[in-house]
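Today I opened a new page in my notebook. Here is what I looked up, step by step.

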Amino acid sequence: MSKADVIELMYLAAGVLFILALKGLTHPRTAVRGNLLGSLGMLVAVVATLLDNAIISYVWLMIGLIIGAGIGAALAVKIPMTAMPQLVALLNGFGGAASVFVAGAEVIKLHLAQNADLSSSVLIAAAATGLIGAVTFLGSLVAFSKLQELWFQKPVTFTGHQAINAVLLVLTIALAIWLVADDANPAAYWMLVIVASALGALLVLPIGGADMPVVIALLNSYSGLAAAAAGFVLNNSVLIISGSLVGASGLILTQIMCKAMNRSLFNVLFGVLGPEAGAPSADDVYAGRIKSTTAEEIAMLYDSARRAVIVPGYGLAVAQAQHAVRDLANLLQSRGIEVEFAIHPVAGRMPGHMNVLLAEANIPYDQLKEMDEINPTFSQTDVVLIIGANDVVNPSARTDPSSPIYGMPILNVDEARTVVVVKRSLSPGFAGIPNPLFAADNCLMYFADGKQAVLDLVAAIKDL
Amino acid sequence: MTLGLTIFVLALFVGFEIITKIPPTLHTPLMSGSNAISGITLVGALLAAGAQYSAFATFLGFLAVILATINVVGGFLVTHRMLGMFKRRD
């Protein structure tokens with residue numbers, strides 16, 4: 001067996017370990033081991049690569065490994081759980097950029113080799129890597145900036161936006177043809193990368209906050225596809241396997257997110273969601289029907305309750321209220337009340353965002369219920385407490401065919417005996433429409449900051 | 001190339017089969033963990049940084065090694081940190 005065979009077998013082992021890693025993630029009990037298997041797979045792949053005869057000097061790659069590991073470890077240890085969406089966006093972007101540079105170096109090699117039988121399929125793969133990688137890179141940076149609330153928080157669009165995107169896409173195809181026709185001319189490759197970067201930024205700029213879960217999942221998929229494309233350039237099987245696993249993962253998450261919002265991917269990426277003509281105004285819906293409440297009143301409700309559900313939304317993350325909510329849940333349980341959390345699939349800014357926040361606050365994961373599981377139980381629930389969620393509990397999605405969110409699956413909290421909404425004001429959610437739930441007979445509004453509200457509520461229940 | 005395509009399509013199917021079984025509770029760790037796996041482009045980066053086709057290609061490889069390593073180390077570590085927080089009711 002030659003050294004090249006050993007390397008190939010090690011790559012195969014790495015690919016298998018990655019598959020086992022994902023398999024481990026199918027259950028919280030096995031997830032930690034899964035993640036460790038994944039990192040073991042990466043170690044095997046790196047060691048195999050270092051054995052490769054193509055590597056002549058180890059200086060720069062060792063320095064790069066040390067710098068990268070230092071930055072990566074620092075990011076991973078320091079990042080607060082509320083900032084997880086930003087971190088994932090940033091890491092996606094880095095992965096995309098790395099693939100762009102890898103293909104760029106390979107284009108230079110092919111160009112220098114100057115042999116007549118340049119395979120056009122390799123160059124097409126290089127162009128694909130440049131395109132997907134650069135879109136991932138700048139798209140992710142824009143997403144990061146939106147999530148970190150640096151720039152472009154509001155959706156940015158301008159006249160001709162779609163036309164410009166189309167022109168840029170055609171331009172990248174033209175540049176790809178130039179790259180293939182002109183013996184891997186590096187100039188063609190880098191122009192393609194620049195155009196594709198602009199395209200990536202323009203694609204993400206118009207996306208608003210609540211659509212972020214879709215975009216993050218999609219960019220996650222792209223970062224995988226870019227790695228797979230780089231695998232075609234290098235004719236490297238482990239890159240192709242891992243890249244397509246990640247590509248598939250991101251696509252599934254994208255699909256789940258779209259379904260949870262009842263919107264097509266096309267609609268999220270190119271459409272603008274807005275209230276339609278004829279939709280009721282906030283005044284019509286709310287006029288005279290809003291009942292405001294206090295912590296003491298809510299405490300009384302809990303005093304006679306047997307089952308309570310808490311619905312967290314992005315507002316909970318903003319208010320950093322997860323630990324206060326944990327104290328509330330423990331207190332209620334100690335009083336013999338059954339407490340569960342209802343998690344809508346698009347609550348937060350990335351898939352699973354709420355679950356991580358509540359896990360950080362030591363809330364057991366089997367207390368968090370998915371929408372389909374908890375919806376049938378609302379009619380037997382005494383008190384539902386909503387913190388920082390709005391559109392995902394808006395009954396218009398069920399009842400009003402003229403509503404822009406009509407058809408979106410929601411948490412049917414209105415079926416509970418009493419609903420308490422913690423909210424700063426009556427301002428609309430991301431969809432920009434009023435929420436008839438707030439005006440419902442069984443709904444009480446508690447106007448306050450999420451965290452302070454929960455702290456006051458805990459104090460009030462202790463005083464009972 | 002056709003062999004690569006075969007691997008690509010089969011791996012996509014494996015991915016779809018496994019990932020549809022992952023519960024929503026673990027979707028964020030799935031994203032950060034799969035993100036770390038997509039850092040596999042590190043393999044290509046190491047080859048580019050070590051092969052010395054030209055000074056510029058080495059430089060590109062060097063940058064790619066840094067970025068991909070951040071992706072890999074940051075991704076796996078943060079996933080580990082997150083998963084450590086998921087606990088059952090006791």
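Which domains does the domain assignment of chain A give? I found domain 1 (1-78), domain 2 (84-270) and domain 3 (282-462), with bounds that come from an automatic or database domain assignment.

A note on ground rules: this is a predicted model, where local features need pLDDT of at least 70 and side-chain atom pairs count only at pLDDT 80 or more, while totals for chains, interfaces and linings use all residues. Residues are numbered from 1 along each chain as its sequence is written, and chains are lettered from A and ligands numbered from 1 in the order in which they are written.

**Entry 1: chain A as a whole.** I looked up the distance between the C-alpha centres of domain 1 and domain 3 of chain A and got 42 Å. The C-alpha atoms of chain A fill a box of roughly 80 × 50 × 35 Å along the principal axes. I noted 18 helices and 6 strands in chain A; these are DSSP runs numbered from the N terminus, with at least four residues of H or I for a helix and at least two of E for a strand. Of the 464 residues in chain A, 53% are buried, meaning that 20 or more other C-beta atoms, placed from the backbone, lie within 10 Å of the residue's own.

**Entry 2: the sheet.** Next I followed the strands. Chain A has an open sheet of 6 strands in the order S3-S2-S1-S4-S5-S6, with parallel pairing; two strands pair if DSSP finds at least two bridges between them. S3 and S6 (443-447) of chain A each have a single partner strand, so one side of each is left without a neighbour in the sheet. The twist from one strand to the next averages 25°.

I then picked one pair: S1 (307-312) and S4 (383-387) of chain A run parallel and are joined by 5 bridges. In this pair, A:Ile310 stands opposite A:Leu385. H15(A) packs on the sheet and touches S1, S2 (338-343) and S3 of chain A.

**Entry 3: where chain A meets chain B.** How many residues of chain A are in contact with chain B? I read off 100 residues of chain A, against 78 residues of chain B; a contact here has C-beta atoms, placed from the backbone, within 7 Å. Among the elements giving two or more residues to this side of chain A are H1 (3-24), H2 (28-50) and H15 (353-360). The largest share, 18 residues, comes from H4(A).

Technical notes:
Contact = placed C-beta atoms within 7 Å. Buried ≥ 20, exposed ≤ 12 C-beta atoms within 10 Å, placed from the backbone. Axes fitted to C-alpha atoms, helices over the stretch in contact; angles between N-to-C directions.
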